[in-house]
Amino acid sequence: MNDFNYYAPTKVVFGKGAEQKVGNLIKEQNCKKVLIHYGSGSARRSGLLDRIEAIFDKEGITYVELGGVVPNPRLSLVYEGIALCKKENVDFILAVGGGSVIDSAKAIAAGAVYDGDFWDYYEGKLVEEALPIGTVITISAAGSEGSPDSVITKEEGMFKRGATGEAFRPKFTIMNPALTQTLPAYQTACGITDIMAHLYERYLTNTEEVEVTDRMIEGLLLTMIHEGPRVIADPDNYQARAN
């Protein structure tokens, strides 16, 4: 087994109706204005954004919005988000969606407090400062909601690059399994496959004597094999979604 440091500062709020706590979680950050960042519209169509906005209005939390994130999030939208944050004096970003939305939010968070081009971070510069971030997850297998990493695609040449830094770790992440019940079967299956692929990446290693990790991964793989067909057969099965 290799030596390691374990650091997981992100607060995880899991369960039915967890998004109802977003107002209190935001207030704990003592911020003045929030950027709500989201994808191509499913968060709006599902009513999730409307519920979050209603909570913010009730709690007196000021916010602006920027949607339009696509899979493999694009550099151009990050620039738009950075400009919006600077113009509106945003000091907290709430990512509502999956991994692409969170990655885009992280890039905006770094660029909003950086005098240079945020792409410097995606060419090797360590991220040491960024606006704080929170997330509301709408798909399984994102991973970015607790990580110090972000991946952005530069349209010119379609270069996909990653950046990292502890400043990228979200302050909190909200996980309500019910929010994934509106996903099409294909997207649900993609999430299951993604979870299993990432588990295999850690399982098929040359590192010796990692029995604890191997047994944990085997248990998770067996869970996916069991729960995957249940979720596909019954999209509204909350317990299967939760697992």
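**Entry 1: Met-216**

I started with Met-216, which sits in helix α7. My helices (H or I, at least four residues) and strands (E, at least two) are DSSP runs, numbered from the N terminus. This is a predicted model, where local features need pLDDT of at least 70, side-chain atom pairs count only at pLDDT 80 or more, and totals for chains, interfaces and linings use all residues. Residues are numbered from 1 along each chain as its sequence is written, and side-chain values use heavy atoms, with hydrogens and water left out.

Is Met-216 buried or exposed? I found it exposed, because its relative accessible area is 54%. For these words I use under 20% relative accessible area for buried, over 50% for exposed and partly exposed in between (1.4 Å probe, protein chains only). I also looked up the spacing to Tyr-203: 13 residues along the chain, with 9.6 Å between the C-alpha atoms.

**Entry 2: two loop residues**

Next I checked backbone angles. Asn-30 is not a glycine, yet its phi is positive, near 55°. I located Asn-30 in the loop between α1 (22-27) and β2 (33-38). With a relative accessibility of 67%, Asn-30 counts as exposed.

Glu-209 also has a positive phi without being a glycine, at about 55°. Its loop runs between α6 (185-203) and α7 (211-233). Glu-209 is exposed, because its relative accessibility is 61%.

**Entry 3: Ala-242**

I then went to Ala-242, in helix α8 (residues 238-242). At 24% relative accessibility, I put Ala-242 down as partly exposed. Which residues does Ala-242 touch, not counting those up to four places away in sequence? I noted Phe-14 and Pro-177; contact here means heavy atoms within 4.5 Å. Phe-14 is 228 residues from Ala-242 in sequence, but their C-alpha atoms are 9.0 Å apart in space.

**Entry 4: Val-96**

Val-96 belongs to strand β4 (residues 92-97). I count Val-96 as buried, because its relative accessibility is 1%.

**Entry 5: the cores**

In soluble globular proteins, nonpolar side chains tend to be buried together. I looked for nonpolar cores, meaning sets of buried Ala, Val, Leu, Ile, Met, Phe, Trp, Tyr and Cys residues joined through side-chain atoms within 4.5 Å. The largest has 34 residues, and Leu-35, Cys-85, Ile-93, Ile-108, Phe-118 and Tyr-122 touch the most other members. Two or more residues of this core come from each of β3 (62-66), α4 (75-88), β4, α5 (99-111) and β5 (133-137). Which element gives the most to this core? It is α5, with seven residues. I noted a second, separate core of 23 residues too, including Val-34, Leu-48, Ile-55 and Val-136.

I found Ser-150 in strand β6 (residues 149-154). Ser-150 is buried, because its relative accessible area is 1%. Its side chain reaches the backbone oxygen of Asp-103 at 2.9 Å. Leaving aside neighbours within four places in sequence, the contacts of Ser-150 include Asp-103, Lys-106, Tyr-122 and Phe-168. From the Tyr-122 side, with the neighbours within four places left out, I listed contacts including Asp-103, Ser-150, Val-151, Ile-152 and Phe-168.

**Entry 6: a pocket**

Rolling a probe the size of a water molecule over the atoms shows where empty space is left. I looked up the second largest pocket, which holds about 170 Å³ of space. Among the residues lining this pocket I noted Tyr-7, Pro-9, Thr-10, Glu-166, Arg-169 and Lys-171. How many of the lining residues are nonpolar, polar and charged? I have eight nonpolar, one polar and three charged.

Notes: A polar contact is a pair of N or O atoms within 3.5 Å; within protein, one must be able to donate a hydrogen and the other to accept it, and residues adjacent in sequence count only if both atoms are side-chain atoms. On a 1 Å grid over the protein atoms alone, a cavity is a set of points where a 1.4 Å probe fits but cannot get out, and a pocket is an open set with protein on both sides within 12 Å along at least five of seven lines; lining residues have an atom within 4 Å of a point. Grid points are joined across faces, edges and corners, and a volume is the space filled by probe spheres set on the points. Ala, Val, Leu, Ile, Met, Phe, Trp, Tyr, Cys and Pro count as nonpolar, Asp, Glu, Lys and Arg as charged, and the others, Gly among them, as polar.
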